[in-house]
Amino acid sequence: MSLAAFPEAVHVRAPGKINVYLGVGARHDDGYHALATVFQAVSLYEDVIARADDDFSLSVSGVADPASVPLDDRNLAMRAAKLLATATGYTGGVHLEIRKSVPVAGGMGGGSADAAAALVACDALWGTGLSPHRMHELAARLGADVPFALHGGTAVGTGRGDQLNPALARGRFDWVLVTSDEGLSTPAIYSRLDVHRAESGALADDPPLSLDVPITVLQALRAGDPHSLAACMYNDLEVPALLERPTLDDIINEGLRAGALSGIVSGSGPTVAFLCETPEIAQLVQNELAVSGRTALHVHGPVPGARIISA
Ligand code: ATP
């Protein structure tokens with residue numbers, strides 16, 4: 001194929017995620033915790049537009065505080081583009097325009113979605129033609145949540161969360177997300193969990209014998225039954241997130257009073273995800289939370305992972 005066949009710009013969209021279930025095992029020597037999680041990709045998207053360039057550069061829009069997102073090699077999307085170039089021997093560069101909708105440091109994997117989108121966009125822009133297997137491998141090197149942002153849908157994640165197995169999920173689930181202006185640091189929430197467990201004498205086993213996704217969660221997803229799912233949603237990071245940000249408890253109670261079936265801190269927080277029985281009820285819950293001054297969004301899942309919108 002001649003170089004002229006490659007597009008000048010590629011637009012890729014990748015979703016944020018909710019952890020419907022998140023069990024955290026003990027901390028290993030490499031600093032990572034063993035996880036057993038169920039991700040669901042939801043209809044809140046990051047858009048990444050990659051344009052051919054000689055150097056690597058980045059611009060970001062859609063964030064209240066521009067300083068919250070690094071524009072250099074600390075940015076996960078920039079690291080993704082450079083990793084792909086190194087892995088394939090590509091010698092040019094790219095300008096990445098990131099339009100963010102997923103809250104920064106919100107526990108919804110926004111940076112991971114940007115990285116997955118950047119991998120897919122640069123692969124198409126540069127014509128590097130990575131196999132899905134190789135793409136997954138590079139994604140896992142960038143971060144534990146990046147492979148899921150590539151694949152989307154609903155999936156069980158084990159290991160660091162990067163070993164994925166698709167989970168069957170029937171129909172659609174309606175969620176209301178309440179976001180917070182100020183994010184929470186994922187490493188800080190894991191540290192809080194470790195301290196809390198050490199103090200309460202939990203987790204004598206390493207890894208804990210119970211580090212499995214409960215069958216009830218998988219059955220509820222397979223049945224497409226929000227009532228059953230609401231009864232078994234769980235997040236080990238909720239306690240440390242509430243310790244760090246006690247006001248999240250008020251948000252959870254407000255959403256339940258407004259009619260949600262269940263509310264859970266998403267990942268390391270501070271976003272709270274409310275599962276609702278129907279789209280109509282989700283709309284009511286969203287309205288009520290918005291009236292009381294919350295930033296509330298009605299989304300649904302599962303949705304696909306990173307995909308090309310135009311090239
Ligand atoms: P995690 O995947 O750890 O759960 P999160 O979803 O809570 O993270 P992100 O928005 O992905 O949070 O970003 C966490 C931190 O990573 C930010 O505070 C920011 O400093 C840094 N970061 C790096 N790349 C990005 C990016 N593309 N978008 C947003 N933040 C980024």
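Q: Domain bounds come from an automatic or database domain assignment; what are the bounds of domain 1 and domain 2?
A: Domain 1 covers 7-168, and domain 2 covers 173-301. Their contact (heavy atoms within 4.5 Å) takes 33 residues from domain 1 and 40 residues from domain 2. Keep in mind that this is a predicted model: local features need pLDDT of at least 70, side-chain atom pairs count only at pLDDT 80 or more, and totals for chains, interfaces and linings use all residues. Residues are numbered from 1 along each chain as its sequence is written, and side-chain values use heavy atoms, leaving out hydrogens and water.

Q: What makes β7 and β10 a pair?
A: Strands are DSSP runs of E, at least two residues, numbered from the N terminus, and pairing takes at least two bridges found by DSSP. Strand β7 (residues 173-179) and strand β10 (residues 272-276) have five, in the antiparallel sense, so they pair. Valine 178 sits opposite valine 272 in β10.

Q: Why are β9 and β11 called edge strands?
A: The open sheet has four strands in the order β9-β10-β7-β11, with antiparallel pairing. β9 (262-265) and β11 (295-301) each pair on one side only, so they are edges by the pairing rule.

Q: How do you know how much area domain 1 and domain 2 bury?
A: Buried area is the accessible area (1.4 Å probe) lost on putting two parts together, summed over both. Here that's about 2800 Å², 66% of it on carbon and sulfur atoms. On domain 1's side, β1 (9-27), β2 (33-53) and β5 (154-158) each supply at least two residues touching domain 2.

Terms used. Domains from an automatic or database assignment.
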